[in-house]
Every structure is written in structure tokens, then in C-alpha cells.
Amino acid sequence: MAKKRKETFVFRISWQEVLKDYPPEVRLEVYDAIIEYVASGTLSELKPMARIAFSFIKKEIDYNEQRYQDVVNKRSEA
């Protein structure tokens, strides 16, 4: 069975708080990378500043996705 594409995800306010001091073009690059990564699992080519910011966010996205998949698997077993 193919993995169902998620239509939503949690965007943490803490991400915005961290990114607010970055230049607007870096924030946009990171925001676009977040959406692309969650929607397709694809990592965008990022400029160095954006790559650093995104790396921390990616860890949290991956952790949350794993927790979500664990819940889905437990519910399907029940």
C-alpha cells in the first residue's frame, strides 16, 4: 500500500521565533524548504545560512513524523 500523502503538518511558533532575525530572503528560503520537505520528502538545495537554520527544523520534523507513523502503525494493528 502506498504511503498516503499528508495534507497538513504542524508548524512550530518556535521556528518563526528563531528565523525572525534572519534576512527575509533566508526566511523565505527556509519556509519553502520546510513545505517541500514535508510535502515530498525532498531536500532543497539551500544557501549556507538557510541550510544551518533548516537543519535544526528538519530534525524536529523527522522526529514528529516518526512519532506520527508509530501511532498510525499501532492503530492499524489494533
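A search of the whole structure, which is a predicted model, finds 2 salt bridges; the term stands for a side-chain nitrogen of Lys or Arg within 4 Å of a carboxyl oxygen of Asp or Glu.

Let me take the two pairs in turn. Helices here are DSSP runs of H or I with at least four residues, strands are runs of E with at least two, and both are numbered from the N terminus. Arginine 12 counts as partly exposed, at 31% relative accessibility, and glutamate 60 is likewise partly exposed, with a relative accessible area of 27%. In these terms, buried means under 20% relative accessible area, exposed means over 50%, and partly exposed lies in between, with a 1.4 Å probe and protein chains only.

The other salt bridge is formed by the side chains of aspartate 62 and lysine 58, at 2.7 Å from N to O. Being 4 residues apart in helix H3, aspartate 62 and lysine 58 are separated by about one helical turn. Aspartate 62 is partly exposed at 30% relative accessibility, and lysine 58 is partly exposed at 23%.

A word on conventions. Residues are numbered from 1 along each chain as its sequence is written. Since the model is predicted, local features need pLDDT of at least 70 and side-chain atom pairs count only at pLDDT 80 or more, while totals for chains, interfaces and linings use all residues; side-chain values use heavy atoms, with hydrogens and water left out.

I turn to the chain as a whole. The protein chain has 3 helices and 0 strands, and along the sequence the pattern reads α-α-α. Its C-alpha atoms fill a box of roughly 50 × 20 × 20 Å, taken along the principal axes. Of the 78 residues, 18% count as buried.

How do H2 and H3 pack, in angle and in distance between axes? Helix H2 (residues 24-40) and helix H3 (residues 48-77) pack at an angle of about 35 degrees, and their axes are 10 Å apart. The axes are lines fitted to C-alpha atoms, for helices over the stretch in contact, and angles run from 0 to 180 degrees between N-to-C directions. On the H2 side, the contact (heavy atoms within 4.5 Å) is made by residues including Val30, Ala33, Ile34 and Tyr37. On the H3 side, the residues include Phe54, Ile57, Lys58, Ile61 and Asp62. Lysine 58 and aspartate 62, the partners in a salt bridge, therefore also take part in the contact of H2 with H3. The residues of this contact divide into 12 nonpolar, no polar and 3 charged. Here Ala, Val, Leu, Ile, Met, Phe, Trp, Tyr, Cys and Pro count as nonpolar, Asp, Glu, Lys and Arg as charged, and the others, Gly among them, as polar.

Which residues touch the most other members of the largest nonpolar core? Of its 13 residues, these are Val30, Ile34, Phe54, Ile57 and Ile61. Such a core is a set of buried Ala, Val, Leu, Ile, Met, Phe, Trp, Tyr and Cys residues joined through side-chain atoms within 4.5 Å. H1, H2 and H3 are the elements that give two or more residues to this core. Leaving aside neighbours within four places in sequence, isoleucine 34 is in contact with Phe9, Phe11, Trp15, Phe54, Ile57 and Ile61.

Finally, two prolines. Proline 23 is placed in the loop between H1 and H2 and is partly exposed at 28% relative accessibility. Proline 48 belongs to helix H3 and is exposed, with a relative accessible area of 55%.
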